[in-house]
Amino acid sequence: MSHRPPSGLAAVSAALLAMSRHLEVRDVLKTIVASARELLDAEYAALGVPDDHGGFAQFVVDGVSDEQWKAIGPLPRQHGILAAMLHEAKPQRLADVREDPRFEGWPDAHPDMSDFLGLPIQDGDETIGALFLANKRCPRPTDGCNFTEEDEELLGILAQHAAIALTNARLYERSRELTIAEERSRLAHELHDAVSQKLFSLRLTAQAAAALVDRDPARAKGELQQVADLAGEAVDELRAAVVELRPAALDEDGLVATLRTQIQVLNRAHSAQVTFESSGVRALPATQEEAMLRVAQEALHNALRHSGAGQVTVTLTRQATTAVLRITDDGGGFDTGAVRRAGRHLGLVSMRHRAGGVGGRLTVASEPGKGTTIQMEVPCG
């Protein structure tokens, strides 16, 4: 059976709609590359977003397996044909990229490529990416199968819409960053106003008690009681301010989407592979969602910073009338009894408190050399 690529207005429309569905930059890049490769029937596709240091901040490929990609090695630099697309800002359509004088070779594990079609992705006058395809497929490849002028025009349409989708995704991520910054600033002001005055009073009262302890012990005792009362009030004010700081993303997107986004970021930022799966869980009460998010964050921090894990898996599922959050890593693990006796809890006390505070429970399973599983269960309707 011969391979027939998608064609016609419906295929183009499907590719453009797929680009517009995603808001996270990485997802947009992957969708652009996959759509271009399928629509133009190429064996390989890639998209690079340049940095300011002669390399690429992000580089997404389609048609190359994970094993091949790992074997290829570091991200490419801005040289050869890639540099031409970025700096000359014009299409590059070649019958055989290997015969172009700008070709500088590939790593040993790099797949072999011949015919080549590349276009810059531009936002106004700024080149924000380079999109290219290689190895046009056809029923009889021995007859030659190079990219056509029509292919170039079609890729140009995709590149224009890719610029819009990528710019929108960047603006969305930037708005999330600003929201977080604004929330932190608000909390800082609130903590200052609510707590600092009590802490100042506490300090003065403690100084008064110290001055009285020798010459008037009874009065010093009263001042110390005042210190205890003020300290308790300060703790209550601090707790109220922190509890009020519900993550903005939870209000906007809910627990599942917030977890998925944060785990995607962690997966990019760490050498360990971090994955997330969810099934059957919809909206939960706000207090439960926040508690589960905080437990997931604490458990992920421990797994990525302390365990030496190469794989961390997060799942959120529904089992009958219970929502179950599970964070599992293949790291070094630990002796839970020894950790408790030594007074090093790795945030376990805080996680148990959060789970219990919303009517749930937390269980921890870990052994040295066998990884760790942290599970939180809460009732759901």
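The model is predicted, so local features need pLDDT of at least 70 and side-chain atom pairs count only at pLDDT 80 or more, while totals for chains, interfaces and linings use all residues. Residues are numbered from 1 along each chain as its sequence is written, and side-chain values use heavy atoms, with hydrogens and water left out.

Thr315 sits in strand β7, residues 311–319. Helices (H or I, at least four residues) and strands (E, at least two) are DSSP runs, numbered from the N terminus. Is Thr315 buried or exposed? Thr315 is buried, with a relative accessible area of 16%. Buried means under 20% relative accessible area and exposed over 50%, with partly exposed in between (1.4 Å probe, protein chains only).

**Next: the largest nonpolar core**

Select Met292, Leu316, Leu325 and Met376. Of the 37 residues in the largest nonpolar core, these four touch the most other members. Such a core is a set of buried Ala, Val, Leu, Ile, Met, Phe, Trp, Tyr and Cys residues joined through side-chain atoms within 4.5 Å. Now colour its suppliers: α7 (248–269), β6 (273–279), α8, β7, β8 (322–329), α10, β9 and β10 each give at least two residues. Helix α8 gives the most, with 9 residues.

Centre on Met292. Not counting residues up to four places away in sequence, Met292 touches Leu255, Leu284, Leu316, Ala323, Val324, Leu325, Met376 and Val378. Apart from this core lies another, of 29 residues, among them Leu117, Ile128, Leu158 and Leu166.

**Helix α10**

Select residues 348–357, helix α10; Leu348, Met351 and Ala355 are buried there. Look down the axis: the buried residues fall within an arc of 65°, so they line one face of the helix. That arc is taken from the directions from the helix axis to the C-beta atoms. An α-helix has 3.6 residues a turn, so residues three or four places apart point the same way.

The buried residues of α10 pack against α8 (286–305), β9 (361–366) and β10 (372–379). Turn to the face directed away from the buried side and find the exposed residues His353 and Gly357. After α10 comes Gly359, with a positive phi near 80°.

**The five-stranded sheet**

Show β1 to β5. They form an open sheet of 5 strands in the order β2-β1-β5-β4-β3, with antiparallel pairing. Strands β2 and β3 stand at the edges with a single partner each, so one side of each has no neighbour in the sheet. The twist averages 15° from one strand to the next.

Two strands pair if DSSP finds at least two bridges between them. Antiparallel β1 and β2 are joined by 6 bridges. Pick Pro50: its bridge partner in β2 is Phe56.

Axes are lines fitted to C-alpha atoms, for helices over the stretch in contact, and angles run from 0 to 180 degrees between N-to-C directions.

Last stop: α4, residues 80–88. Here 7 of the 9 residues are buried, so α4 is largely enclosed by the rest of the structure. They are Gly80, Ile81, Leu82, Ala83, Ala84, Met85 and Leu86. Helix α4 lies across β1, β2, β3, β4 and β5, running at about 140° to β5. Finish on Ala89, which follows α4 and has a positive phi near 55°.

Note on methods:
Contact = heavy atoms within 4.5 Å.
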